[in-house]
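Hi there,

Here is the structure I promised to pass on to you. Have a look at it first, and then read my notes below.

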Amino acid sequence: MQPSESLTPIEQLRAMVSKDTALQDMLAPLYLPEEFNAAVIAAAADQAIMLDEDMLYHALKPDPLGIARWSGGDATNDGYPPRQWLPTAIVPTPQGAAISWTHFAGAPLQESFFESSARTAGCLPINRLLTKRSTLQSLIDAPVPDDALMPDGFIFHMSRCGSTLAAQMIAALPGSIVASEAAPIDGAVQLNHQIPGLPLDIHVRVLRAVVAALGRDRAGDGRRYVIKLDAWHIKALPLFRAAFPDTPWVFMYRDPLEVMVSQKRQAGMMAVPGEIQQDTFAANSEDSVLAHGANVLGQICRAAVDGMASGGGILINYNEMPDAVAERMLPHFGMAIDAADQAAMQDATRQDVKSKERKFVPDGADKRAEATPEVLAVVEQYMAAPYAELEALRLG
């Protein structure tokens, strides 16, 4: 480490704040640059570090899209940082694969998707002042913090099937932590593509560590922890069962005709050829884009059918929503609720969870009416059989 006298004032400031968790937590909620700068200059002056507005202006470059967390700068061997820092990406660095951390300033994960929360937090000046990355090796070697909750349940799904609604209903419960489609979990799942030949035991330890890091009880009232995964993660169910053999899981699905109409309106990433690792799904090069999406979704449903044999899972059809969350999902996760909790979840069903300015309206009939002959054909070719098997398992 360089002697403090050889560091620039900005470098001295970063070193000072990096060592002081209380100072980090005091500065983090200051969103307005003028408030943050005034507090930083005052804190620096107490340690005889002379700063001015111009220095801070040039040092704290705006990052509205949260791109900086994906850059591969140097990583340390610090393991888990203080509890208000959450993992937001797995990135390559000169020291090997590493976790990028973002200070969330105590904000709960209330957005429908983790990425929205991560981008909001990334705009805080504290995250432009400090860049935290720790090697994956140091993370898996470190003891899990006492304030880390272990997951009560995993939500797998086929997409466009009510899983976001389920996650938001659980997030409405006091003391709930819900990580919804978090990029660092996807990075952990797909780490074997970044590190060929990754041993299963190391892969399991990485997934456990990332899940623990996301489940930090940052508000001090954490009682429930649920993870909603990306749709393609059902293909990695064996990895999740190896890492969390006792954690219950659900797979949510929907009439494939309705799902494919939704995909036709706006295709999700996995339904676009080339967007998912090629060895995750078997593809037919002669398929249209729509047929490719149906093929992928059919394989997701097939993985859920096969995965039921591993134990710990139940199936929930969209036509059971929203009552299935309280009546089937939460009991399966071992989560008891009272009348006040029930009311909080009911409130969450009254809005469109993907656009909270709009009221939620069931749209199954409209989607079925919109199905074209091409949609009917690809559903019959790729999705009808595994959907029927899911229904037989759920109802049988």
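Asp-347 and Arg-350 join their side chains in a salt bridge, with N and O 2.4 Å apart. Keep in mind that this is a predicted model. Asp-347 counts as partly exposed at 46% relative accessibility, and Arg-350 is partly exposed as well, at 48%.

In total, the count comes to 15 salt bridges. Another one pairs Arg-224 with Asp-341 (3.4 Å, N to O). This pair links distant parts of the chain: Arg-224 sits in strand 6 and Asp-341 in helix 16, 117 residues apart. Both Arg-224 and Asp-341 are buried.

Arg-394 also has a partner, Glu-391, with their closest N and O atoms 2.9 Å apart. These two are separated by about one helical turn, because they lie three residues apart in helix 18. Glu-391 is buried, with a relative accessible area of 14%. Glu-391 and Arg-394 belong to a network of salt bridges together with Glu-320 and Arg-328.

What about disulfides? A disulfide is a covalent bond between the sulfur atoms of two cysteines. A search of the whole structure finds zero of them. For Cys-161, the nearest cysteine sulfur is that of Cys-301, 8.7 Å away, so the pair is not within the 2.5 Å that a disulfide needs. Cys-161 is buried at 1% relative accessible area, and Cys-301 is buried at 1% too.

Finally, Glu-34, Glu-35, Asp-52, Glu-53 and Asp-54 form a negative surface patch. Helix 3 and helix 4 each give two or more residues to this patch, while Asp-52 is found in the loop between them.

Enjoy exploring!

Notes: Residues are numbered from 1 along each chain as its sequence is written. This is a predicted model: local features need pLDDT of at least 70, side-chain atom pairs count only at pLDDT 80 or more; totals for chains, interfaces and linings use all residues. Side-chain values use heavy atoms; hydrogens and water are left out. Patches are made of residues with over 30% relative accessible area and no salt bridge: like charges are joined within 9 Å, nonpolar side chains (Val, Leu, Ile, Met, Phe, Trp, Tyr) within 5 Å. Accessible areas come from the Shrake-Rupley method with a 1.4 Å probe; for residues, only the protein chains shown count as cover. A salt bridge is a side-chain nitrogen of Lys or Arg within 4 Å of a carboxyl oxygen of Asp or Glu. Lys and Arg count as positive and Asp and Glu as negative; His and the chain ends are not counted. The place of a charge is taken as NZ of Lys, CZ of Arg, CG of Asp or CD of Glu. Helices (H or I, at least four residues) and strands (E, at least two) are DSSP runs, numbered from the N terminus. Buried means under 20% relative accessible area, exposed over 50%, partly exposed in between (1.4 Å probe, protein chains only).
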